[in-house]
Amino acid sequence: MKGLVAEMAKRAVRLVSGENIACVCCGAELFSDKYFCERCLDSLPFNTGYICDKCGRAIADDYPVCPECKAHMPDFTTARSAFVYSGEIVRLIKEFKTGEKYLADAFADRMFPILLSQFRGVDMLAFVPMTQSAEKARGYNQAELLANVLSQRCGIPLERELLVKTRETAEQKDLSAAERAKNLQGSIRVHERAVCRGKNIVLIDDVMTTGATASVAAKAILRAGALRVYVLTVASVPERSQNI
């Protein structure tokens, strides 16, 4: 009960002032960082170890690409993520999807340096779309929230209607590669192809699990004439052999 009261008070101050006064992860008082306390900064699973050159997920050793990319190379140019999808980040992303929209700022704060340093010649941002019914049920598209914050911070324009999701798809993580392809076939299309021609585009999402959705979206954008499609997410699921 005491923790609930403290959390409600913290949210009330955030709503009134528009600022964070406590760690978004544990609620401790902030000092040196805008969103996370020192203890959480030391314990959060930042994606700073060995990563796959292609999909950007955490891997066990220093080799070029992970086994999943080697077996089924994604269509996007490269992908990167700020965190490994593990521990407290799993909880925070679930909260982000279920009403805690303010977390877009905290996540974007960690994605922003990656956007500037890892992708070259970016012309625009886009985001992985939801169907109208799914977005209506949730009340928002969390990927769009992230893309909006990043666009405001870096000045790169956001193309809000670049992609359209035409139908709902089943969860990808437990499907085989062939099943993923069948599940996603025709589910994402480009709304206006001319916007893509000759452009380098960064596609924003919250989590990369199998990478299949990002690959399908990137393929549609590339077929519309884009030069490169980069993918940037809050977190990515590590290589299966990793014990993180």
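**Aromatic pairs**

I searched the whole structure and found 3 aromatic pairs; rings of Phe, Tyr and Trp (its six-membered ring) pair if their centres lie within 6.5 Å, with planes under 30 degrees apart counted as stacked, over 60 as edge-to-face and the rest as tilted. One of them is Phe-96 with Phe-107, edge-to-face at 5.5 Å centre to centre and 75° between the planes. Phe-96 sits in helix α4 (residues 88-97) and Phe-107 in helix α5, so this pair ties together parts that are 11 residues apart in sequence. Helices (H or I, at least four residues) and strands (E, at least two) are DSSP runs, numbered from the N terminus. I looked up burial too: Phe-96 and Phe-107 are both buried, where buried means under 20% relative accessible area, exposed over 50% and partly exposed in between (1.4 Å probe, protein chains only).

**Ground rules**

I am working with a predicted model, where local features need pLDDT of at least 70, side-chain atom pairs count only at pLDDT 80 or more, and totals for chains, interfaces and linings use all residues. Residues are numbered from 1 along each chain as its sequence is written, and side-chain values use heavy atoms, with hydrogens and water left out.

**Helix α5**

I compared length with expectation, which is 1.5 Å times one less than the number of residues. The 16 residues of α5 (residues 103-118) should span 22 Å, and the end C-alpha atoms are 23 Å apart, which agrees. I also noted a kink of about 35° at Asp-109, shortly before Pro-113; the bend at a residue is the angle between axes fitted to the seven residues ending there and the seven starting there. Buried residues of α5 include Phe-107, Arg-110 and Met-111.

**Asp-33**

What does the side chain of Asp-33 meet in Arg-110? I found a polar contact of 2.4 Å between the two side chains; such a contact is a pair of N or O atoms within 3.5 Å, where within protein one must be able to donate a hydrogen and the other to accept it, and residues adjacent in sequence count only if both atoms are side-chain atoms. The backbone nitrogen of Tyr-35 lies 2.8 Å from a polar atom of the Asp-33 side chain. Asp-33 belongs to the loop between α1 (2-17) and α2 (38-43), and is buried at a relative accessible area of 16%.

**Strand β6**

I counted 8 of the 9 residues of β6 (residues 228-236) as buried, so the strand is largely enclosed by the rest of the structure. Strand β5 (residues 200-208) runs parallel to β6, joined by 8 bridges; strands pair if DSSP finds at least two bridges between them. Strand β1 (residues 78-84) is also parallel to β6, with 6 bridges.
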